[in-house]
Structure formats: C-alpha cells, structure tokens
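This report concerns the pairing of oppositely charged side chains. The sequence and structure are shown first.

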Amino acid sequence: MNRAFNFGAGPATIPTEVLEEAQKELLDFKGSGISIMEASHRSKLYEEVHNGAIALMRELYEIPDDYEVMFLQGGASLQFAMIPMNLAMGGKIQYANTGSWSKKAIKEVKVQNLDLEIVASSEETAFDRIPEDITFDDDADYAYITSNNTIYGTQYKTYPSTKAPLVVDASSDIFSYPVDWSKVDMLFAGAQKNAGPSGVTIVIAKKELLNRVKDSVPTILRYTTHAENNSLYNTPPTFGIYLLNLTMEWIKKQGGIKAVQKMNEEKAALLYDAIDNSNGFYTGHAQKDSRSLMNVSFNIKDKNAELEAELIKRTEESGMIGLKGHRSIGGLRASIYNAMSIDGIKALVELMEKFAAEKQ
Ligand SMILES: *Cc1c(COP(=O)(O)O)cnc(C)c1O
C-alpha cells in the first residue's frame, strides 16, 4: 500500500483506519450479507449507524440536549441559502466577512433581498486576519461567522459573544476543538474536510431557532422537516453518514476532541515554526494572531512563483499531494485537518527546510 500524505483542502484526507474498516465491511456489513450502501434507510441495520453517528457526535462534541443534530445534503453551500430562508424574521441580519466562503454566504442573503449588514471585514488586507472586536447587535435576527477560512488560513480563537443567535460555518474546523455551545445557536459543516467524505452536511442547531420558518419555505428546505424526521425525510447519504460514524469512532479512539485539539496545536506549531524560522524565505499569509490550525497558507519570499512551483513539484516527488495554494493568493497551502498525521507534517517540514537551505 502506498498512501500519500494528502494536504488537499477538501475533499481531504480520511484516517487510514477508517478506510480500512470500510473496506473490511464493504461487501458484508456485520454479517447481513449486504453492503451498508445497499441497506434501506428505514432498516434497523442502517438506523443503528445513523443514530450511532448522532449519539457519538453528541457525546464527543458535547452537544446540549436542546440542540438538533441533522444530516442534510447540498453541501455547506446550500446552507448559505437555507439559513436566511429559515432564520430571517424581517429584522436585520449581520455577517462578518472574512473570506471567500463568507462572501458566498453573504451573496445568498442579498439575493433574498433581506436587510443585510456587514459588521466587519478583512477584505482590504486580502483576508489576512480575523477583524478585532467584531460586534453584533443584540437585536439582529441572527449573526454569522466563518470560524475557519479555508483559503486564507485564518481562524477565530474564540467566537464573538452576542445575544443575537450566532450561526457558524465550521466546514473546515468542525470537531477540531471543543465548542462553547453557550455562544453558538447553529453550527454547520460540509463533512468533506474534517469529518468524512463529501455528500453529508452536518447541521447542529438550537431547537427553538428552527421554529421561525415561514410557511412559504418549501418543505425540503425547512430545518423543521429534517428535525421532525430524524434526517430521514428523504433518503439521506447513507454511505457518507456511515463513514462519518467511523470517523467519530476514530476521534474517540484518539482520546476525544480535546486530545485531537492538542495534536492539532502540535502539528500546526511545527509548520508555523518552520515558516517563522526560515529567515524570511517563507512568509505566512495570515497575521500571527489569526493563524489557522487547519490550513497553513504561505508563500516563498517575494511571492516567487517559480520557486513555489518547484517546491510543489518536490513535495509531489516525495509522496505529498495537494499543496498548491488557492489561485486567489497563490503560494502553498498545507491543509492539516484532524486526520493528517504528525509524520506527514514532519515530512513536509523537513523538505521545506532542505529546500530553503538549498535556495537561500
Ligand atoms: C469548503 C467550504 C465550504 C463549501 O462547502 P461545499 O460542501 O462544497 O458547499 C463552505 N464553507 C467553508 C468554510 C468551506 O471550507
């Protein structure tokens, strides 16, 4: 077997143990004679997987009982549209603009002609930071942030406090640290970065928030539809939820989310140290106090595209993939989600140091 170190931003690396377990069970799931993919979503066989995933998420992520856990489809991007459809009540809606994903979410509020306000933005400095002192109005219908900015490599260290319901796009840092649920009313994520394969969208939301929905919202686009039917209103992405369940079991084996957080801190520190100790050969895109533990975006001195391309080529020759930065800022990006091993980080750091020594 020849598994690459996959630094891609998403769909991203999945723990090898999870894939091995899926492989082992692929043809005959727990003695049933069928694959879990072939099981009815109403069967007992599947129901155990479905409810098991929800129970493990509740346990590991310490989700309070007054929150719903839902599995939807359409990616995080459908949530950009569904959130205003379901939560707007005719008052103002406030967003923080910290990158491309925030902008896409904002666009969906605009097309619905709602009373939108951008309370903070770091767009003027190429989204190199989380703006300081973000304040939302207590009486806003809801407030919205993107907890980790996958492209620019910035991340909130703590979520802003507000009396308005706070909605968090955690697509690229879900399950990577414990969440303070007293601050959050809704948190959602496409699974494909930190929780499994694409096709499943996780939505965790305070139950009382969901009842706001207006009669004009189509049935399938209402959170209440999915909440009332335990995410079985229509056929859910069963195989994705199965892999999500295995990923939750993997997190539990690592010692839970706090243990995973500690590993993430160690992993990110190795990479940022390599950048900071390179005598300016490497420069991180994000300001230091906004640095993401999940996506490390960096350039080579003077944004030297030729050297950057050469380094990317060298990583590929050494069994590392997915390091090309997003086209909007160029350079390199190392996505180091929960499932990226410390060995992967060490291999990358070693190559970066060797490359810098060679070229400096
Ligand atoms: C990847 C990503 C998205 C988009 O997810 P889809 O599932 O492709 O719609 C949204 N927000 C953030 C923060 C992301 O990283």
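## A pair within helix α9

Glu317 and Lys313 lie 4 residues apart in helix α9 (residues 305-317), and are therefore separated by about one helical turn. Their side chains meet in a salt bridge, with an N to O distance of 3.3 Å. Glu317 is exposed, at a relative accessible area of 54%, and Lys313 is likewise exposed, at 52%.

The model examined here is predicted. Salt bridges with shared partners also join Lys92, Asp137 and Asp139 into one network.

Asp276 forms a salt bridge with Arg291, and the closest N and O atoms are 2.9 Å apart. This pair links distant parts of the chain, 15 residues apart: Asp276 belongs to helix α8 (residues 257-276), whereas Arg291 is in the loop between β11 (282-284) and β12 (295-300).

With a relative accessibility of 35%, Asp276 counts as partly exposed. Arg291 is buried, its relative accessible area being 10%.

## The pair Asp128 and Arg129

A salt bridge joins the side chains of Asp128 and Arg129, at 2.9 Å from N to O. Asp128 is buried, with 7% relative accessible area; Arg129 is partly exposed, with 32%.

## Salt bridges in the whole structure

Side chains of opposite charge can pair when their charged atoms come close. A search of the whole structure finds 15 salt bridges. Among them are the bridge between Glu317 and Lys313, that between Asp276 and Arg291, and that between Asp128 and Arg129.

Terms used. Residues numbered from 1 in each chain as written. Predicted model: local features only at pLDDT ≥ 70, side-chain atom pairs only at ≥ 80, totals over all residues. Heavy atoms only, no water. Salt bridge = Lys/Arg side-chain N within 4 Å of Asp/Glu carboxyl O. Buried < 20%, exposed > 50% of the residue type's maximum accessible area, 1.4 Å probe, protein only. Helix = DSSP H or I, 4+ residues; strand = E, 2+ residues; numbered from the N terminus.
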